[in-house]
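This report describes a structure for a reader who has not seen it before. The sequence and the model come next.

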Amino acid sequence: MRYWLMKSEPDEVSIDDVMASPRQTTAWFGVRNYQARNFMRDQMQVGDGVLFYHSSCPEPGIAGLAEIVSTPYPDASQFDANSKYYDAKATPEQPRWISIDVKGTRKTRLLSLAEMRTISALEEMVVLQKGSRLSITPVTPAQWKTIVTLLKE
DNA sequence: GCCAACGTTGGC
DNA sequence: GCCAACGTTGGC
């Protein structure tokens, strides 16, 4: 059982979109970074906890809680020439990118990036490190507990 | 829109 | 394998 922070641009997929999806579940596709892919491929397991983070928006921060509900499978958008995620070097025989299904647990109040930076128990979070821009980053159990506690009520 | 930081590409 | 050039991310 691990914990993750996953970034999504709310203009693309927001926490509201996830909660409005059938079974509150959405396919996480479009990851085109090897480090993030490897986290999904090698470490994620069904039941892992997810901090759903809104990025590239007026108020970035954690907007909800979610969980991993599938094992990895090929990301269909890599084969779609009309997709912005198309990858000419990927083939169905040798896929390069993967998807995983994420189920929203609940929308929370926004724990903004600015507020996160004021919490000393979170200062080691990967996402808060200078220059960090990975879309999927590991979260420690202690960090998870701190955040979930802050988001209770 | 700016720009720091990081990742990828491709010539050599 | 090096590394310059270029592209992307994402907060501000």
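Which residues are around DNA strand C? They are Lys-7, Tyr-53, Ser-55, Ser-56, Pro-60, Leu-113 and Arg-133, where a residue is near a strand if one of its heavy atoms lies within 4 Å of it.

## Basis of the model

This is a predicted model, in which local features need pLDDT of at least 70, side-chain atom pairs count only at pLDDT 80 or more, and totals for chains, interfaces and linings use all residues. Residues are numbered from 1 along each chain as its sequence is written, chains are lettered from A and ligands numbered from 1 in the order in which they are written, and side-chain values use heavy atoms, with hydrogens and water left out.

## DNA strand C

Of the atoms of DNA strand C that come within 4 Å of the protein, 72% are accounted for by sugar and phosphate. The residues of this surface divide into three nonpolar, two polar and two charged. Here Ala, Val, Leu, Ile, Met, Phe, Trp, Tyr, Cys and Pro count as nonpolar, Asp, Glu, Lys and Arg as charged, and the others, Gly among them, as polar.

For Ser-56, a polar backbone atom is 2.9 Å from a phosphate oxygen of DNA strand C. Arg-133 reaches a base: an N or O atom in its side chain is 2.6 Å from a base oxygen of DNA strand C.

## DNA strand B

Around DNA strand B are Asn-33, Tyr-34, Gln-35, Lys-130, Gly-131 and Arg-133. By class, this surface has one nonpolar, three polar and two charged residues. Sugar or phosphate holds 74% of the atoms of DNA strand B within 4 Å of the protein, and the rest belong to bases.

A polar side-chain atom of Lys-130 is 2.7 Å from a phosphate oxygen of DNA strand B. In the side chain of Arg-133, an N or O atom lies 2.4 Å from a base oxygen of DNA strand B.

Helices (H or I, at least four residues) and strands (E, at least two) are DSSP runs, numbered from the N terminus.

In helix α4 (residues 141–150), the buried residues are Gln-143, Trp-144, Ile-147 and Val-148. They are on the same side of α4 because they cover an arc of only 125° around the axis, taken from the directions from the helix axis to the C-beta atoms. Buried means under 20% relative accessible area, exposed over 50% and partly exposed in between, with a 1.4 Å probe and protein chains only. The face turned away from the buried side of α4 carries the exposed residues Pro-141, Ala-142 and Lys-145. Among the elements that cover the buried residues are β1 (3–8), β3 (49–54) and β7 (136–139).

## Two buried polar side chains

His-54 is in strand β3 and is buried, with a relative accessible area of 11%. A polar atom of the His-54 side chain lies 3.1 Å from the backbone nitrogen of Ile-15.

Gln-78 lies in the loop between β5 (73–74) and β6. Gln-78 is buried, with a relative accessible area of 0%, and a polar atom of its side chain is 2.9 Å from the backbone oxygen of Asp-75.

Terms used. Polar contact = N/O pair within 3.5 Å; in protein donor to acceptor, adjacent residues only side chain to side chain. Contact = heavy atoms within 4.5 Å.
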